[in-house]
Structures are given as structure tokens and as C-alpha cells.
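The following questions and answers set computed values against their definitions. Please examine the structure shown here before reading on.

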Amino acid sequence: MDVRTFLTQSPDLSDMACADEFASCWRRKRVSKGAHLSRQEQPETREFILLEGCLASSICDKDGKDVCVGFYMGPCVVTPNIARTRDGLSLVSIAATTDATLAWMDSELLSDLMLSSEPIRNWANAILRDALSKKAEREWCLAALGGAERLNWFRQSFPGYEDIFTHALIASFLGVTPVTMSRLRAVDRNR
């Protein structure tokens, strides 16, 4: 998918002239499976649209263990920079789990465009609201549900992801061990 096609799917960017101008501000980039778009605690100033492929974001704890905190399957917008950085440093690492095609721009440029264009501002604000809503849903899931219910929530919230992302990543995202994840899946298969 190209950037313009992706952007014009939004009702906020239905004006073709605005969509064309906005699309021309994004740069295209291919990344190979395993490549990092950002690394935790490193400077990060970019916004990303994942056009094709899959990414996962993670946080490394003080013991060096990675905890998955997000999945992306293109086409989609990666969580906005403002929600994944602090003081210009990335709070998460984002890595490609497949070969991927992205569009990117500097977050300061996006901020400038938001100030000068109401459709772009509305588009970006909707993206941020959606990202924060998804984060709140996951936090609720981790706080309120047991293992089996978490897996069911994941399947409803992310249909098909179980066949695309590794079960170890999904287990980490759901706050269970890979062994627990395997047992939960086995119970489902035996029903």
C-alpha cells in the first residue's frame, strides 16, 4: 500500500489536495525482519506508518528481560511519538518481526503540519486517541482478567495475530509465561 492510499482512508483526509500534500511529506523505508526502528532509551523523533509487514514493541526491564507491549500489522500507524517517548528518548524498542515497508516523518514536522492544517490535526488527534484507548484496554485486561480470559480478549482484539506473531511475544504481551500460554491454547484445542 502507498502512503496516499492509506491516508485517504481516513474521513479527516478526504480532501485529495490535502491528502496529496500530506502524503508527500512522508519518506518511504524498507526494513528487514529483526531490524529495529527505535531502541529503548535512545533518541527518537520520528512518526511511522507501517504500510506492509509486522512490528512489535517491547520494554526491557531492569533484569534485561523484554516485555512485549504492542503489535502492529500493516497498514496501520505506529503509536505516536508523543506516547512512546519522554524527553526525546524512546521508552520502547520497536523491531520488525517480518520484512516491512514504512513511511516516516519527523514528529516536529507533523506538529507543524497539525498547526497549519485542521484535517491533519484531526487525523493525528484521532490516531493518538485510538492509541491511548488501546493502551487502556490492555491495562484493564492485565489488571482484571485471568490467563484464559486474557487470551480470549487478545483473540477478540487482535484477530489473526495468533497465527502471525510468535506465541512467546503474545505470552509476554498478556503477562503470562510461554508455558502458561501453551497450556491455555491446549485447553482450547481440547474443548
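Q: What share of the contacts in the protein chain with a separation of 6 or more comes from residues 24 or more positions apart?
A: Residues 24 or more positions apart account for 67% of these contacts, where contact means heavy atoms within 4.5 Å. The model is predicted, so local features need pLDDT of at least 70 and side-chain atom pairs pLDDT 80 or more, whereas totals for chains, interfaces and linings use all residues. Residues are numbered from 1 along each chain as its sequence is written, and side-chain values use heavy atoms, without hydrogens and water.

Q: Why is the protein chain called as compact as a globular protein of its length?
A: The secondary structure of the protein chain comes to eight helices and ten strands; helices (H or I, at least four residues) and strands (E, at least two) are DSSP runs, numbered from the N terminus. Its radius of gyration, taken over C-alpha atoms, is set against the globule rule, 2.2 Å times the number of residues to the power 0.38. The value is 18 Å, close to the 16 Å that the rule gives for 191 residues, so the chain is as compact as a globular protein of that length.

Q: Why is Ala 56 called buried?
A: Buried means under 20% relative accessible area, exposed over 50% and partly exposed in between (1.4 Å probe, protein chains only). Ala 56 has 8% relative accessibility, and therefore counts as buried. Of the 191 residues of the protein chain, 40% count as buried.

Q: Which residues is Ala 56 in contact with, leaving aside its neighbours within four places in sequence?
A: Ala 56, in strand β4 (residues 54-60), is in contact with Gly 70, Phe 71, Ser 93, Ile 94, Ala 95, Thr 97 and Leu 169. Ala 56 and Phe 71 are 15 residues apart in sequence and 4.6 Å apart in space, C-alpha to C-alpha.
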